[in-house]
Amino acid sequence: MLKTNYIAGVGAIAIIVFVLLLAESCKHDPEIIPLPDPPVPEKCDTAEVTYPGTVVPILSTNCYGCHGDLTANAGINLQDYETLAGLAQSGKLIGVINQASGFTAMPPFSKLDSCDIVNIEKWVNDTTFDPPGGGIEHPCNPDTAYFQNEVLPLIISSCATTDCHDILTEEQEILLVDYASIIKYGKIRPGEPEESELYEKIIKTDDDDRMPPPPKAPLTSEQKDIIRIWIKQGALNNSCDEGCDTTNVTFSETIWPTIETNCFGCHSGPQPSGGVTLVDYTSVAAVANNGKLFGAINHDPGFIPMPRNAPKLSECKIDQLKIWIEDGTPNN
Ligand code: HEC
Ligand code: HEC
(Lines give C-alpha, C1' and ligand atoms only; values in the text may rest on other atoms or scores of the structure.)
(Ligands and ions follow the chains in the order given, each with its own letter.)
Protein backbone atom coordinates (compact mmCIF):
# COMPACT_ATOMS: atom_id res chain seq x y z
CA MET A 1 0.00 0.00 0.00
CA LEU A 2 2.68 2.37 1.06
CA LYS A 3 4.77 1.32 -1.94
CA THR A 4 1.94 2.07 -4.43
CA ASN A 5 1.48 5.52 -2.93
CA TYR A 6 5.20 6.13 -3.24
CA ILE A 7 5.29 5.14 -6.90
CA ALA A 8 2.24 7.31 -7.62
CA GLY A 9 3.95 10.21 -5.85
CA VAL A 10 7.17 9.88 -7.81
CA GLY A 11 5.15 9.55 -11.03
CA ALA A 12 3.25 12.75 -10.29
CA ILE A 13 6.40 14.67 -9.57
CA ALA A 14 7.96 13.37 -12.79
CA ILE A 15 4.98 14.60 -14.78
CA ILE A 16 5.07 18.02 -13.16
CA VAL A 17 8.78 18.36 -13.86
CA PHE A 18 8.24 17.29 -17.44
CA VAL A 19 5.50 19.86 -17.98
CA LEU A 20 7.63 22.59 -16.45
CA LEU A 21 10.55 21.70 -18.69
CA LEU A 22 8.27 21.72 -21.69
CA ALA A 23 6.93 25.13 -20.77
CA GLU A 24 10.47 26.37 -20.31
CA SER A 25 11.62 25.11 -23.71
CA CYS A 26 8.68 26.86 -25.41
CA LYS A 27 9.80 30.30 -24.29
CA HIS A 28 11.74 31.71 -27.17
CA ASP A 29 15.35 32.80 -26.91
CA PRO A 30 15.58 33.70 -23.30
CA GLU A 31 18.28 36.29 -22.87
CA ILE A 32 21.36 34.86 -21.27
CA ILE A 33 22.17 36.88 -18.24
CA PRO A 34 25.62 35.89 -17.04
CA LEU A 35 25.84 35.36 -13.36
CA PRO A 36 28.57 37.27 -11.58
CA ASP A 37 31.68 35.09 -11.19
CA PRO A 38 31.78 33.42 -7.83
CA PRO A 39 34.67 34.72 -5.75
CA VAL A 40 37.68 32.69 -6.89
CA PRO A 41 39.63 31.38 -3.94
CA GLU A 42 42.93 33.22 -4.18
CA LYS A 43 45.58 31.12 -5.81
CA CYS A 44 48.94 32.03 -4.43
CA ASP A 45 51.80 29.70 -5.05
CA THR A 46 54.41 30.04 -2.35
CA ALA A 47 55.96 26.63 -2.83
CA GLU A 48 59.07 27.82 -4.59
CA VAL A 49 59.94 31.34 -3.57
CA THR A 50 63.37 32.45 -4.73
CA TYR A 51 65.10 35.78 -5.12
CA PRO A 52 65.61 35.58 -8.91
CA GLY A 53 62.39 33.72 -9.71
CA THR A 54 59.94 35.51 -7.42
CA VAL A 55 61.28 38.66 -5.81
CA VAL A 56 63.08 40.18 -8.80
CA PRO A 57 60.08 39.92 -11.17
CA ILE A 58 57.80 41.55 -8.55
CA LEU A 59 60.22 44.39 -7.82
CA SER A 60 61.07 44.77 -11.47
CA THR A 61 57.41 45.35 -12.36
CA ASN A 62 56.52 47.48 -9.37
CA CYS A 63 59.60 49.22 -8.03
CA TYR A 64 62.67 49.32 -10.29
CA GLY A 65 61.14 52.13 -12.37
CA CYS A 66 61.62 54.44 -9.38
CA HIS A 67 64.27 52.52 -7.42
CA GLY A 68 66.61 51.02 -9.99
CA ASP A 69 70.06 51.40 -11.45
CA LEU A 70 68.94 54.45 -13.42
CA THR A 71 66.70 56.28 -10.93
CA ALA A 72 67.09 55.70 -7.25
CA ASN A 73 64.34 57.69 -5.51
CA ALA A 74 65.17 58.35 -1.87
CA GLY A 75 68.67 57.06 -2.72
CA ILE A 76 67.31 53.51 -2.83
CA ASN A 77 68.35 51.18 -5.64
CA LEU A 78 66.46 47.93 -5.13
CA GLN A 79 68.39 46.24 -7.95
CA ASP A 80 71.33 46.29 -5.59
CA TYR A 81 71.09 43.13 -3.50
CA GLU A 82 72.86 44.64 -0.51
CA THR A 83 70.42 47.54 -0.36
CA LEU A 84 67.44 45.24 -0.64
CA ALA A 85 68.85 42.86 1.97
CA GLY A 86 69.36 45.78 4.38
CA LEU A 87 65.77 46.95 3.91
CA ALA A 88 64.47 43.41 4.28
CA GLN A 89 66.31 42.89 7.54
CA SER A 90 65.33 46.19 9.08
CA GLY A 91 61.65 45.36 8.46
CA LYS A 92 61.27 48.42 6.24
CA LEU A 93 60.62 46.45 3.06
CA ILE A 94 57.69 44.57 4.59
CA GLY A 95 56.46 47.76 6.27
CA VAL A 96 56.30 49.82 3.08
CA ILE A 97 54.70 47.15 0.90
CA ASN A 98 52.05 46.40 3.53
CA GLN A 99 51.56 50.15 3.79
CA ALA A 100 51.67 49.71 7.55
CA SER A 101 51.35 52.75 9.78
CA GLY A 102 54.66 54.43 10.43
CA PHE A 103 55.94 53.48 6.97
CA THR A 104 55.84 55.33 3.67
CA ALA A 105 53.33 53.45 1.50
CA MET A 106 55.07 51.83 -1.48
CA PRO A 107 54.43 51.80 -4.37
CA PRO A 108 53.10 55.33 -3.72
CA PHE A 109 49.92 55.20 -5.81
CA SER A 110 48.84 51.58 -5.56
CA LYS A 111 49.34 48.49 -3.47
CA LEU A 112 51.02 45.23 -4.41
CA ASP A 113 48.82 42.26 -5.09
CA SER A 114 48.30 40.35 -1.82
CA CYS A 115 49.97 37.27 -3.28
CA ASP A 116 53.06 39.31 -4.15
CA ILE A 117 53.19 40.57 -0.58
CA VAL A 118 52.90 37.04 0.80
CA ASN A 119 55.70 35.89 -1.49
CA ILE A 120 58.04 38.68 -0.48
CA GLU A 121 57.29 38.05 3.19
CA LYS A 122 58.11 34.39 2.72
CA TRP A 123 61.38 35.26 1.02
CA VAL A 124 62.36 37.64 3.82
CA ASN A 125 61.49 35.07 6.49
CA ASP A 126 63.30 32.22 4.76
CA THR A 127 66.48 34.07 3.89
CA THR A 128 69.51 34.31 6.11
CA PHE A 129 70.92 37.51 4.81
CA ASP A 130 74.65 37.50 4.70
CA PRO A 131 76.33 39.62 5.91
CA PRO A 132 73.93 40.78 8.63
CA GLY A 133 72.92 44.39 8.39
CA GLY A 134 73.36 44.63 4.65
CA GLY A 135 75.19 47.51 3.08
CA ILE A 136 78.34 46.49 4.94
CA GLU A 137 81.24 46.15 2.56
CA HIS A 138 82.37 42.60 2.58
CA PRO A 139 85.47 41.18 1.02
CA CYS A 140 85.23 38.61 -1.75
CA ASN A 141 85.05 35.04 -0.56
CA PRO A 142 87.14 32.88 -2.90
CA ASP A 143 84.52 30.12 -2.80
CA THR A 144 81.67 32.35 -3.93
CA ALA A 145 80.89 33.44 -7.48
CA TYR A 146 79.70 37.04 -7.60
CA PHE A 147 77.28 38.24 -10.20
CA GLN A 148 78.36 41.89 -10.40
CA ASN A 149 82.09 41.23 -10.17
CA GLU A 150 82.46 38.22 -12.43
CA VAL A 151 79.34 36.88 -14.10
CA LEU A 152 77.91 40.08 -15.58
CA PRO A 153 81.17 41.30 -17.18
CA LEU A 154 81.79 37.84 -18.57
CA ILE A 155 78.34 37.55 -20.10
CA ILE A 156 78.38 41.06 -21.47
CA SER A 157 81.74 40.62 -23.15
CA SER A 158 81.06 37.18 -24.54
CA CYS A 159 77.34 37.17 -25.14
CA ALA A 160 76.19 40.78 -25.48
CA THR A 161 78.44 41.78 -28.35
CA THR A 162 77.11 43.95 -31.15
CA ASP A 163 74.44 42.21 -33.21
CA CYS A 164 74.44 39.43 -30.71
CA HIS A 165 72.43 39.75 -27.52
CA ASP A 166 72.58 43.41 -26.66
CA ILE A 167 69.31 44.55 -28.21
CA LEU A 168 66.00 42.83 -28.69
CA THR A 169 65.35 42.01 -32.31
CA GLU A 170 62.35 40.23 -33.67
CA GLU A 171 64.23 37.19 -34.88
CA GLN A 172 66.18 36.77 -31.76
CA GLU A 173 64.29 37.53 -28.66
CA ILE A 174 67.12 37.29 -26.27
CA LEU A 175 68.60 40.09 -24.28
CA LEU A 176 71.46 39.60 -21.89
CA VAL A 177 72.52 42.93 -20.49
CA ASP A 178 71.69 43.00 -16.80
CA TYR A 179 70.61 40.78 -13.93
CA ALA A 180 66.89 40.72 -14.73
CA SER A 181 67.41 39.97 -18.42
CA ILE A 182 70.02 37.30 -17.79
CA ILE A 183 67.73 35.50 -15.33
CA LYS A 184 64.78 35.79 -17.69
CA TYR A 185 66.21 35.07 -21.10
CA GLY A 186 68.98 32.78 -19.85
CA LYS A 187 66.16 30.75 -18.22
CA ILE A 188 68.18 30.47 -15.04
CA ARG A 189 66.94 27.94 -12.47
CA PRO A 190 68.66 28.93 -9.22
CA GLY A 191 70.59 26.02 -7.76
CA GLU A 192 70.32 23.98 -10.95
CA PRO A 193 72.94 24.90 -13.54
CA GLU A 194 72.22 21.81 -15.65
CA GLU A 195 68.57 22.91 -15.94
CA SER A 196 69.45 26.49 -16.87
CA GLU A 197 69.47 27.28 -20.57
CA LEU A 198 72.34 29.74 -20.42
CA TYR A 199 74.60 27.15 -18.87
CA GLU A 200 73.40 24.41 -21.23
CA LYS A 201 74.35 26.64 -24.18
CA ILE A 202 77.82 27.54 -23.00
CA ILE A 203 78.81 23.95 -22.30
CA LYS A 204 77.62 22.66 -25.71
CA THR A 205 80.56 21.45 -27.74
CA ASP A 206 79.20 21.33 -31.29
CA ASP A 207 79.68 24.54 -33.25
CA ASP A 208 76.09 24.75 -34.51
CA ASP A 209 74.66 25.03 -31.07
CA ARG A 210 77.16 26.50 -28.69
CA MET A 211 77.26 29.98 -27.23
CA PRO A 212 79.04 32.14 -28.02
CA PRO A 213 78.84 30.90 -31.63
CA PRO A 214 81.85 30.64 -33.95
CA PRO A 215 84.00 32.45 -34.94
CA LYS A 216 84.15 33.35 -31.24
CA ALA A 217 86.11 31.02 -29.05
CA PRO A 218 84.08 28.95 -26.58
CA LEU A 219 84.31 30.05 -22.95
CA THR A 220 87.25 28.64 -21.06
CA SER A 221 86.62 26.00 -18.43
CA GLU A 222 87.26 28.55 -15.66
CA GLN A 223 84.68 30.90 -17.18
CA LYS A 224 82.12 28.10 -17.46
CA ASP A 225 82.84 27.23 -13.86
CA ILE A 226 82.15 30.76 -12.66
CA ILE A 227 78.71 30.62 -14.23
CA ARG A 228 78.01 27.12 -12.96
CA ILE A 229 79.00 27.98 -9.38
CA TRP A 230 77.01 31.20 -9.47
CA ILE A 231 73.82 29.36 -10.50
CA LYS A 232 74.51 26.56 -8.04
CA GLN A 233 74.84 29.11 -5.23
CA GLY A 234 71.39 30.51 -5.96
CA ALA A 235 72.00 32.91 -8.86
CA LEU A 236 71.95 35.97 -6.61
CA ASN A 237 72.51 39.54 -7.70
CA ASN A 238 75.50 39.71 -5.38
CA SER A 239 78.75 41.60 -5.31
CA CYS A 240 81.80 41.87 -3.12
CA ASP A 241 84.51 44.31 -2.30
CA GLU A 242 87.65 43.18 -4.05
CA GLY A 243 89.88 45.53 -2.10
CA CYS A 244 92.27 47.64 -4.07
CA ASP A 245 95.93 46.81 -4.33
CA THR A 246 97.74 49.61 -6.13
CA THR A 247 101.18 48.86 -4.71
CA ASN A 248 101.76 45.58 -6.44
CA VAL A 249 100.41 46.04 -9.97
CA THR A 250 101.61 43.50 -12.54
CA PHE A 251 100.42 42.57 -16.00
CA SER A 252 99.82 38.92 -15.23
CA GLU A 253 98.17 39.26 -11.80
CA THR A 254 96.35 42.58 -12.12
CA ILE A 255 95.90 43.86 -15.67
CA TRP A 256 95.27 40.66 -17.61
CA PRO A 257 92.48 39.39 -15.30
CA THR A 258 90.69 42.73 -15.74
CA ILE A 259 91.02 42.64 -19.53
CA GLU A 260 90.10 38.97 -19.75
CA THR A 261 86.89 39.40 -17.75
CA ASN A 262 85.76 42.73 -19.17
CA CYS A 263 87.12 43.09 -22.70
CA PHE A 264 88.46 39.85 -24.18
CA GLY A 265 85.12 38.45 -25.40
CA CYS A 266 84.52 41.39 -27.75
CA HIS A 267 88.12 42.15 -28.62
CA SER A 268 89.30 38.71 -29.73
CA GLY A 269 88.75 36.28 -32.59
CA PRO A 270 89.02 36.93 -36.31
CA GLN A 271 86.76 40.02 -36.16
CA PRO A 272 87.59 41.86 -32.94
CA SER A 273 85.20 44.74 -32.16
CA GLY A 274 86.33 48.06 -33.58
CA GLY A 275 89.39 46.34 -35.04
CA VAL A 276 90.92 46.51 -31.54
CA THR A 277 92.58 43.30 -30.37
CA LEU A 278 93.10 42.63 -26.64
CA VAL A 279 94.24 39.04 -26.40
CA ASP A 280 97.70 38.99 -24.86
CA TYR A 281 100.48 41.17 -23.49
CA THR A 282 101.63 42.49 -26.89
CA SER A 283 98.20 43.52 -28.11
CA VAL A 284 97.14 45.09 -24.79
CA ALA A 285 100.42 47.03 -24.51
CA ALA A 286 99.98 48.34 -28.07
CA VAL A 287 96.50 49.75 -27.32
CA ALA A 288 97.74 51.09 -23.97
CA ASN A 289 100.69 52.85 -25.57
CA ASN A 290 98.62 54.63 -28.21
CA GLY A 291 96.53 56.16 -25.42
CA LYS A 292 93.28 54.53 -26.49
CA LEU A 293 93.04 51.99 -23.68
CA PHE A 294 93.03 54.54 -20.89
CA GLY A 295 90.88 57.04 -22.81
CA ALA A 296 88.22 54.40 -23.42
CA ILE A 297 88.03 52.99 -19.88
CA ASN A 298 88.23 56.39 -18.22
CA HIS A 299 85.44 57.63 -20.52
CA ASP A 300 87.58 60.57 -21.61
CA PRO A 301 86.03 62.92 -24.17
CA GLY A 302 86.89 61.88 -27.72
CA PHE A 303 86.96 58.17 -26.89
CA ILE A 304 84.24 55.60 -27.18
CA PRO A 305 83.43 54.57 -23.57
CA MET A 306 84.40 50.99 -22.70
CA PRO A 307 83.47 48.35 -21.73
CA ARG A 308 80.59 48.71 -24.14
CA ASN A 309 77.07 48.13 -22.71
CA ALA A 310 78.45 47.64 -19.24
CA PRO A 311 79.02 49.79 -16.17
CA LYS A 312 82.31 51.68 -16.02
CA LEU A 313 85.16 49.72 -14.47
CA SER A 314 85.70 50.36 -10.75
CA GLU A 315 87.93 53.29 -9.73
CA CYS A 316 90.37 50.72 -8.44
CA LYS A 317 90.73 48.94 -11.79
CA ILE A 318 91.10 52.25 -13.60
CA ASP A 319 93.81 53.33 -11.12
CA GLN A 320 95.64 50.03 -11.57
CA LEU A 321 95.63 50.38 -15.36
CA LYS A 322 96.88 53.94 -15.00
CA ILE A 323 99.74 52.83 -12.75
CA TRP A 324 100.71 50.05 -15.14
CA ILE A 325 100.71 52.43 -18.12
CA GLU A 326 102.70 55.08 -16.20
CA ASP A 327 105.21 52.38 -15.24
CA GLY A 328 105.81 51.86 -18.98
CA THR A 329 103.47 48.85 -19.51
CA PRO A 330 105.90 46.23 -18.12
CA ASN A 331 105.42 42.58 -19.06
CA ASN A 332 105.61 41.31 -15.49
C1 HEC B 1 56.43 56.17 -8.60
C2 HEC B 1 57.74 55.99 -8.03
C3 HEC B 1 57.91 54.93 -6.95
C4 HEC B 1 57.59 53.60 -7.00
C5 HEC B 1 56.89 52.85 -8.13
C6 HEC B 1 58.07 53.02 -5.77
N7 HEC B 1 58.66 53.96 -4.99
FE8 HEC B 1 59.52 53.70 -3.17
N9 HEC B 1 59.86 55.70 -3.00
C10 HEC B 1 59.56 56.63 -3.97
C11 HEC B 1 59.85 57.97 -3.43
C12 HEC B 1 59.66 59.29 -4.17
C13 HEC B 1 60.33 57.78 -2.10
C14 HEC B 1 60.69 58.84 -1.09
C15 HEC B 1 59.42 59.08 -0.36
C16 HEC B 1 59.51 60.02 0.78
O17 HEC B 1 60.61 60.22 1.32
O18 HEC B 1 58.44 60.54 1.11
C19 HEC B 1 60.34 56.34 -1.88
C20 HEC B 1 60.77 55.74 -0.70
C21 HEC B 1 60.87 54.37 -0.52
C22 HEC B 1 61.41 53.74 0.66
C23 HEC B 1 61.95 54.46 1.88
C24 HEC B 1 60.78 54.71 2.75
C25 HEC B 1 61.17 55.33 4.08
O26 HEC B 1 60.24 55.57 4.84
O27 HEC B 1 62.35 55.57 4.31
C28 HEC B 1 61.35 52.40 0.46
C29 HEC B 1 61.82 51.31 1.41
C30 HEC B 1 60.72 52.19 -0.82
N31 HEC B 1 60.46 53.40 -1.40
C32 HEC B 1 60.46 50.94 -1.37
C33 HEC B 1 59.71 50.75 -2.52
C34 HEC B 1 59.28 49.46 -2.98
C35 HEC B 1 59.60 48.13 -2.28
C36 HEC B 1 58.58 49.66 -4.12
C37 HEC B 1 57.88 48.63 -4.98
C38 HEC B 1 56.99 47.73 -4.28
C39 HEC B 1 58.56 51.08 -4.37
N40 HEC B 1 59.26 51.70 -3.37
C41 HEC B 1 57.95 51.67 -5.45
C42 HEC B 1 59.06 56.39 -5.22
C43 HEC B 1 58.59 55.15 -5.67
C1 HEC C 1 80.28 44.18 -25.64
C2 HEC C 1 81.47 44.29 -26.48
C3 HEC C 1 82.63 45.13 -25.98
C4 HEC C 1 83.25 45.07 -24.75
C5 HEC C 1 82.85 44.23 -23.54
C6 HEC C 1 84.38 45.96 -24.82
N7 HEC C 1 84.42 46.55 -26.06
FE8 HEC C 1 85.81 47.89 -26.68
N9 HEC C 1 84.81 48.14 -28.41
C10 HEC C 1 83.66 47.46 -28.78
C11 HEC C 1 83.20 47.97 -30.05
C12 HEC C 1 81.96 47.48 -30.80
C13 HEC C 1 84.10 48.99 -30.43
C14 HEC C 1 84.02 49.85 -31.66
C15 HEC C 1 83.30 51.07 -31.20
C16 HEC C 1 82.47 51.69 -32.23
O17 HEC C 1 82.93 51.76 -33.36
O18 HEC C 1 81.37 52.07 -31.83
C19 HEC C 1 85.10 49.07 -29.38
C20 HEC C 1 86.16 49.96 -29.39
C21 HEC C 1 87.18 49.99 -28.44
C22 HEC C 1 88.32 50.86 -28.45
C23 HEC C 1 88.60 51.95 -29.47
C24 HEC C 1 87.96 53.19 -28.85
C25 HEC C 1 88.21 54.44 -29.60
O26 HEC C 1 87.82 55.49 -29.05
O27 HEC C 1 88.75 54.36 -30.68
C28 HEC C 1 89.09 50.57 -27.38
C29 HEC C 1 90.40 51.17 -26.96
C30 HEC C 1 88.39 49.52 -26.65
N31 HEC C 1 87.22 49.19 -27.32
C32 HEC C 1 88.83 48.98 -25.46
C33 HEC C 1 88.06 48.17 -24.67
C34 HEC C 1 88.45 47.77 -23.33
C35 HEC C 1 89.74 48.18 -22.65
C36 HEC C 1 87.46 46.99 -22.86
C37 HEC C 1 87.37 46.35 -21.50
C38 HEC C 1 87.53 47.21 -20.37
C39 HEC C 1 86.45 46.87 -23.90
N40 HEC C 1 86.84 47.60 -24.97
C41 HEC C 1 85.26 46.14 -23.78
C42 HEC C 1 83.05 46.44 -28.08
C43 HEC C 1 83.36 46.07 -26.78
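Some ground rules. Residues count from 1 along each chain as its sequence is written, chains are lettered from A, and ligands are numbered from 1 in the order in which they are written. As the model is predicted, local features need pLDDT of at least 70, side-chain atom pairs count only at pLDDT 80 or more, and totals for chains, interfaces and linings use all residues.

The overall picture, then. The protein has 13 helices and 0 strands. Those are DSSP runs numbered from the N terminus: H or I of at least four residues for helices, E of at least two for strands. Of the 332 residues, 26% are buried. Buried means 20 or more other C-beta atoms within 10 Å of the residue's own; exposed means 12 or fewer, partly exposed is in between, and C-beta atoms are placed from the backbone. Contacts need C-beta atoms, again placed from the backbone, within 7 Å. Take contacts with a separation of 6 or more: 63% of them join residues 24 or more positions apart.

Now the cores. A nonpolar core is a set of buried Ala, Val, Leu, Ile, Met, Phe, Trp, Tyr and Cys residues joined through C-beta atoms within 7 Å. The largest one holds 40 residues, and F147, V151, I155, I227 and W230 touch the most other members.

Look at V151. Beyond four places in sequence, V151 contacts A145, I226, I227 and W230. There is also a second, separate core of 13 residues, including I255, F264, M306 and L313.

Next, I97, in helix 4. I97 counts as buried because it has 22 C-beta neighbours inside 10 Å. Setting aside residues up to four places away, I97 touches M106, L112, I117 and I120. I97 and I120 are 23 residues apart along the chain, yet their C-alpha atoms are separated by 9.2 Å.

Methods: Contact = placed C-beta atoms within 7 Å.
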